[in-house]
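This report describes selected features of one protein model. Please consult the sequence and the structure shown below while reading.

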Amino acid sequence: MSYAVNEVTDRAFLDQAVQLAVESIENGGGPFGALVVRGGEVVARAANRVTLDCDPTAHAEVLAIRMAARDLATPHLPDTILYASCEPCPMCLAAAHWARIPRIVFAASQETANRAGFADGNIAEQLYGQVHPVRIRELGLSQIDIEGSGAPFLAWLVKHDRQPY
């Protein structure tokens, strides 16, 4: 399915994902948020719950995909867009592809997450043979730099009672 890219709409949904990430930290979660959108409407939204649920798979993107699939009663989401506050890790990217989500839009880069202590480069290197996949556009990923995209990571770094990841 083809999507008309609307950068204003993309930015609005990314702002929501970043806000979810900031709220996640305030609620004891990790600095990540994600939305699944279909036809311009939010189908699911989730924040990272890895430390809250003691579940290493409870990433925002995976949780949002699970909710969307359940609410839409289908494991395949080919008419949706995944918006993420940060570049998806290899697990989240794989989950989005298993769900057949054709477009993934993210705000902060993997490098921003790395600087805050969320380094998944070793996993990516084992999977892809390099630190960053060269086929980023072919994988349906696009980054839009929005104001405040690093805010969740700044909030994470100054949180003194955060649980190490």
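D161 is exposed, with a relative accessible area of 61%; exposed denotes over 50%, buried under 20% and partly exposed the range in between, computed with a 1.4 Å probe on protein chains only. D161 forms a salt bridge with K159, their closest N and O atoms lying 3.0 Å apart. A salt bridge is defined as a side-chain nitrogen of Lys or Arg within 4 Å of a carboxyl oxygen of Asp or Glu. By this rule the model has 6 salt bridges.

The model is predicted: local features need pLDDT of at least 70, side-chain atom pairs count only at pLDDT 80 or more, and totals for chains, interfaces and linings use all residues. Residues are numbered from 1 along each chain as its sequence is written, and side-chain values use heavy atoms, with hydrogens and water left out.

| Pair | N to O distance |
|---|---|
| K159 and D161 | 3.0 Å |
| D53 and R49 | 2.8 Å |
| R38 and D79 | 3.7 Å |

In the pair of D53 and R49, D53 is partly exposed at 37% relative accessible area, and R49 is partly exposed at 36%.

The salt bridge between R38 and D79 links distant parts of the chain, 41 residues apart: R38 belongs to strand β1 (residues 33-38), and D79 to the loop between α3 (60-72) and β3 (81-86). Helices (H or I, at least four residues) and strands (E, at least two) are DSSP runs, numbered from the N terminus. R38 is partly exposed, with a relative accessibility of 36%, and D79 is likewise partly exposed, at 26%.

Helix α4 (residues 90-98) has P90, C92, L93 and A96 as its buried residues. Viewed down the axis of α4, these buried residues fall within an arc of 165 degrees, so they line one face of the helix. The arc is taken from the directions from the helix axis to the C-beta atoms. Just after α4, R100 adopts a positive phi of about 65 degrees.

How do helices α1 and α7 cross, and at what angle? The axes of α1 (residues 7-26) and α7 (residues 151-158) come within 8 Å and cross at roughly 10 degrees. The two helices are therefore roughly parallel, a term for angles under 35 degrees. In their contact (heavy atoms within 4.5 Å), V18, A21, V22 and I25 of α1 meet A151, P152, A155 and W156 of α7. The contact residues comprise 8 nonpolar, no polar and no charged; nonpolar covers Ala, Val, Leu, Ile, Met, Phe, Trp, Tyr, Cys and Pro, charged covers Asp, Glu, Lys and Arg, and polar covers the others, Gly among them.

Methods. Axes fitted to C-alpha atoms, helices over the stretch in contact; angles between N-to-C directions. Parallel < 35°, antiparallel > 145°, perpendicular 65-115°, else oblique.
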